[in-house]
Structures are given as structure tokens and as C-alpha cells.
Amino acid sequence: MSHQTSQPKRSHEPVFWGLFGAGGMLTAFLTPVMILITGILIPLGIIDSDALSYERVHGFATSWYGAAILLVLIALPLWHTLHRIFHGLHDIGVHRGRDWQQVICYGFAFAVSVFCFTLLIQML
Amino acid sequence: MQPHSSKRKPYQRELPVDWWLKHAFYTKYMIREGTSIAITIYSCILAWGLLRLSQGEQAWQGWLEALQHPIAILFHVLALGLALYHTITWFDLAPKAADIWLKGKKLEDKVIVMAHYVGFALATIAALIIITY
């Protein structure tokens, strides 16, 4: 057994990997139907727009469970997609400033999460 | 880190930008990764909607009307296709992530994938019922 002189540096990758996995799972199960509802069926009037009336959505968003659900539905997929975009930049040959690419990608997911969190908290 | 501090000049193989277009396997991989862009835009549209919601009824109504624009509809149709592609590729990989053993026998890959599609169908139906209820 070798004697360890220095503590191995902890990687932050598992945290991002966990968020990536959770976001990927949520996206796989729910994003198609969400796009179908908000982007196609309601705008085309196939589902009556009362389904997303101000009273209804506002009432949902201002309940604690509604706020939590909306935060997860809007922000969690970003921790998946920005992880993929970060690694995709490598695939298409953008190698300059990998550290900054990482800061910008995860920073973007973080910023939108905080943006949604703040809006939901102030509405509560 | 000083990038030019070394005199060493290792051989670096050039990789053409369109490497992923020359082989169907890699093209499919890049489409899968590319679905992320559409889903990112969609999340931003929803985050924008949340901002409009917080600004009151008129602002919210404006957001709903903006979604009726033909370009918005076109984007969402495209995004739906890409999101479904993500779903298919995610479920295809599920057996690799879920290594389930029952009574000493490994659960078949097909069973795991099918279970995911059943869950997907139930989640989709549940969402449609909740929204129209």
C-alpha cells in the first residue's frame, strides 16, 4: 500500500453529473408533452386557452408545491442540456478557454434557475 | 498555465469540422446532443413566461399570444420532434444505467426499455388530463 502524502482533490463532476442525469430523465418523460401543450395545442386552440388562464396558472405558481414543480420543470432540464452543450463544444472543435466555457455553460443553467426561483419567491 | 512555455511540438492530428457528418453513427450522436439546443430555448421560453406571469394578467396574455405566432408554432413542432428523439435515445440507454437482477436472473433489456415507454405514455396522458381538467 502506498503512503499518500497529499489528499486527492475532490472532483465537482459528480454534482453536475447527477443534475445531468436527473434533468435528462425529466426531459425524456415530460418535455415532449409540455411542448405539445404550451407550444402547439394551446396556441392552436385545440385545448382551450382557459387551461392556461392567468387565474389558474397564477394560483398554481403561488402555491408552495406549484412553485416547486414549476422551478423543477423549467430549470432542471437546463442542467442537462448545458452539460451536453459544454461537451458538444469539444466535439465540434471549440477548444479555446475550456474553463470559461464551463463557467458560461453551468453559469447559464444556474442563472436561469436563480431567475425562476426569485420570480416564484416574490410571487408567493 | 502558460500555453507557450514549452518548446515541445507534439504532432496533433487535424480533425475536420464535419467529422460527424461522414458516419451515420456519429451524425445520430450529434443530433442527440443537438436536441439540447432546442430544449434550452424551450426552457428559456418558459422562464420568460414566468416573468410575464409575475408582471400581471396583461403581460401573461401577451406571452400566450406570442406563442400563437407561426414562427413560434414552427419552433415548437421542431422542438417536439427533437425532444422525442431525446426521449428515444434516453430510453435506449436505460438498460445500461438500470442493471436489475431478479431471482438471480438479469432483467432483459427489452423489458426495461418497454417499462420506460409505458411510464412515458402514462406521464403524457396524466399531463394532458391535468391540463384539460
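**Labels and the values behind them**

Modeller: Let's begin with B:Thr35, which counts as buried at 0% relative accessibility. This is a predicted model, where local features need pLDDT of at least 70 and side-chain atom pairs count only at pLDDT 80 or more, while totals for chains, interfaces and linings use all residues. Residues are numbered from 1 along each chain as its sequence is written, chains are lettered from A and ligands numbered from 1 in the order in which they are written, and side-chain values use heavy atoms, leaving out hydrogens and water.

Biologist: Why does B:Thr35 count as buried?
Modeller: Buried means under 20% relative accessible area, exposed over 50%, and partly exposed in between, using a 1.4 Å probe and protein chains only. B:Thr35 has 0%, so it is buried.

Biologist: What is B:Thr35 in contact with, leaving aside its neighbours within four places in sequence?
Modeller: With A:Arg84, B:Leu82, B:Tyr85 and B:His86; contact means heavy atoms within 4.5 Å. The side chain of B:Thr35 also reaches the backbone oxygen of B:Arg32 at 2.5 Å.

Biologist: How much area do chain B and chain A bury between them?
Modeller: About 4400 Å², with 75% of it on carbon and sulfur atoms. Buried area is the accessible area (1.4 Å probe) that two parts lose on being put together, summed over both. In chain B, the residues that lose the most area to chain A are B:Leu50, B:Trp90 and B:Ile131, together 15% of what that side buries. The contact takes 49 residues from chain B and 50 residues from chain A.

Biologist: Why is the pair of A:Trp64 and A:Tyr65 called edge-to-face?
Modeller: Rings of Phe, Tyr and Trp (its six-membered ring) pair if their centres lie within 6.5 Å; planes under 30 degrees apart count as stacked, over 60 as edge-to-face and the rest as tilted. Here the centres are 5.9 Å apart and the planes stand at 85°, so the pair is edge-to-face. A:Trp64 is exposed at 68% relative accessible area, whereas A:Tyr65, at 45%, is partly exposed.

Biologist: What kind of aromatic pair do B:Phe91 and B:Tyr117 form?
Modeller: Edge-to-face again, with 5.0 Å centre to centre and 90° between the planes. This pair links distant parts of the chain, since B:Phe91 is in helix H3 (residues 70-97) of chain B and B:Tyr117 in helix H4 (residues 109-132) of chain B, 26 residues apart. Helices (H or I, at least four residues) and strands (E, at least two) are DSSP runs, numbered from the N terminus. B:Phe91 is buried at 0% relative accessibility, and B:Tyr117 is partly exposed at 29%.

Biologist: How do you know that B:Lys103 is exposed?
Modeller: Its relative accessibility is 89%, so B:Lys103 counts as exposed. B:Lys103 sits in the loop between strand E1 (101-102) and strand E2 (105-106) of chain B.

Key: A polar contact is a pair of N or O atoms within 3.5 Å; within protein, one must be able to donate a hydrogen and the other to accept it, and residues adjacent in sequence count only if both atoms are side-chain atoms.
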